[in-house]
Amino acid sequence: MANINAYNSRILCIYMSNSNVAQGKVRPGLKAGRSNEFTLINKLKPGGAERLRKKLASDSKFGSHNQVFADQIGTLHDLRFVIFDNDTRLLFATTFDGDWDAYIDDFAALVPDLIDLVFEEVEDYPGIKSPDIKDFIVKSQVTSTYFYSAYPDASVRDIRKAMKVKSGLDVLLDAASS
Amino acid sequence: MQNNQAVPTLDISDIQATVLRPRPSPYKGEYVVLRIDEAAQGREMLRRIIPYVATAEEWWVPSIPAWIGIAFTYQGLKALGLSQASLDSFPEEFRQGMAARASILNDIGENAPTNWEYPFGTSDVHVALAIYSKDDKSLEAVLKQARQTHSDLPGISVVYRMKFSELPEGRNPFGFKDGLHNPHVEGSGVNPPPGYAPTVKAGEFIMGYPDENGQTATSPEPEVLRRNGTFVAFRKFHMRVAAFRKYLRDQASSPEEEELIAAKMVGRWRSGAPLVLAPEHDDPKLGKDPNRNNDFSYLDDMNGLKCPFSAHIRRVNPRDALKDDLVAVNLHHIMRRGINYGPPLPEGILKDDGVQRGGVFLLVGAYIKRQFEFVQSQWVTDGNFIRQGTEQDPIIGNNEGDGIFTIPKRPVRRRLHGLPRFVVVRGGEYCFMPGLRALKWLARFHDKDYNSKTL
């Protein structure tokens, strides 16, 4: 019984977040609980796909820095870069906590090179420090038709904390039963 | 972020006093809001009031017994007849007004704009006047002068007035010594006591100078309008002093514990002594000493055992507490000009007396969105930035009797439950506070024989 109620309440949560778009609200992107989906689709410059593969390789600067980068941001559940349509287009998709534009000034100030490194392969990209960056993002953003999150009310930090607590609890229980 | 540029000289004879100088102490004053129904009359009123507007240069030795600050909302600039092109050049949040930004600011429940006092949240708020003085006589004299600038103009209406005055010992209605910190503006001509580092680039608070990104504001247009101007988020709130006292009484088993819990929620003791420097007992000498009471860092309190992560001052001004996260705190400073209104609630009273008391903050910054709106949405009404989930600011957050407040402690943290709303927003608006030359331009730009170069 409890499981069905939880299931129903999650469906309700997603339904409500979809109606944000149905009501024609200005903000693109869908919400599920505290999570936001954010999808950008852009045209790649000629040769951009090849350069991007090298830049995102696991032994590259970006590839070896990205965990630290993402950990310090602390609000990204996941992110992916997908090159498709015969190397002509780039899809960037992420799920994160909070509003994308709240921290954009901070990213532009602190890690402009990492963001520019990837997006400079995209047509019409003005650079993260450009005053047109927010317009560029909004133009590139495609709102999902449907968005599901396995833990809509938990932020990345909540989840990490919970995992730490579980580890600690396991140690405690093991010690208590030995 | 440190540019090796020369420190720009601030044109303090052109910048309004409120932007750079604290209000006098002791203070008495009034806020007045006007609505302009006829553009030419609005500009005439402005012409008349300009001689009384205080500049940052005059603040210390004023030639008049009281000081006036003047600011305009988007609706007010429109009512003055500013061109559509100029109006459109203002940032979106200013054009929308504070009430329309409620979902970003999380102004919900009792803080929702539908509950605000008239005229806040409506399009009737055009001109905001802040009138400060040291005593009743001077205040009355300047109020008379201010009234004369528009009393014979039927197209100008007073839509709001409120009096305010300093409480004994400069305490706020909750009994706390307030106003102990503000960002130090580079080039402002004042040497601050220790603890105000780092100095903040002038462009964060005044347009026309480089900001913390090394950029100089390019909007609004035209340049004569924006130079030496800034934005002010005006916010009036009611403070539920009895509810605050009652909550402390219910949570504590002694008067000493009540004081400790109150200090944990604020981040300072009532005397002003910061928890980071006085974690277990108040230190009134420290609280009184301006050379020490603001000189602290969170680096020796990264586990929050002295000052909780969720405490009010740690939230609205994190200093170095967020150094391990990707956040540029230097982009999110606010200059806060606060006053209190209403009589104090007598000591020992735990039942609300129905009297209006609280504060009005003028939150000054050149970038409403990444300053006031960022602090309100990311640091006050949410807890994720400090790994506290959805926990909000214990003093000014949206707590509806279900609020929680976490006090880190060894061996086990203490968590308070059932926090009610202690502070209620009664109204607010985004205003533009122009420099003196800009005010003169606003009063004259419509005149056929007007040439801005003669200013």
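1. The model is predicted: local features need pLDDT of at least 70, side-chain atom pairs count only at pLDDT 80 or more, and totals for chains, interfaces and linings use all residues. Residues are numbered from 1 along each chain as its sequence is written, with chains lettered from A and ligands numbered from 1 in written order.

2. Start with helix H2 (residues 39-49) and helix H14 (residues 436-444) of chain B, which pack at about 145° with axes 8 Å apart. Helices are DSSP runs of H or I, at least four residues, numbered from the N terminus. Axes are lines fitted to C-alpha atoms over the stretch in contact, and angles run from 0 to 180 degrees between N-to-C directions. The crossing of H2(B) and H14(B) is left-handed (near helix turned anticlockwise from the far one by less than a right angle; clockwise is right-handed).

3. H2(B) supplies B:Arg43, B:Leu46 and B:Arg47 to this contact, and H14(B) supplies B:Leu439, B:Leu442 and B:Ala443 (contact: C-beta atoms, placed from the backbone, within 7 Å). Four of these residues are nonpolar, none polar and two charged (nonpolar: Ala, Val, Leu, Ile, Met, Phe, Trp, Tyr, Cys, Pro; charged: Asp, Glu, Lys, Arg; polar: the others, Gly among them).

4. Helix H9 (residues 241-251) and helix H10 (residues 255-266) of chain B pack at about 120°, axes 9 Å apart. Their crossing is right-handed. B:Leu248, B:Arg249 and B:Gln251 of H9(B) meet B:Glu258, B:Ile261 and B:Ala262 of H10(B). That contact has three nonpolar, one polar and two charged residues.

5. Between chains, 14 residues of chain B and 15 residues of chain A take part in the contact. Chain B's side has five nonpolar, five polar and four charged residues.

Methods:
Helix = DSSP H or I, 4+ residues; strand = E, 2+ residues; numbered from the N terminus. Contact = placed C-beta atoms within 7 Å.
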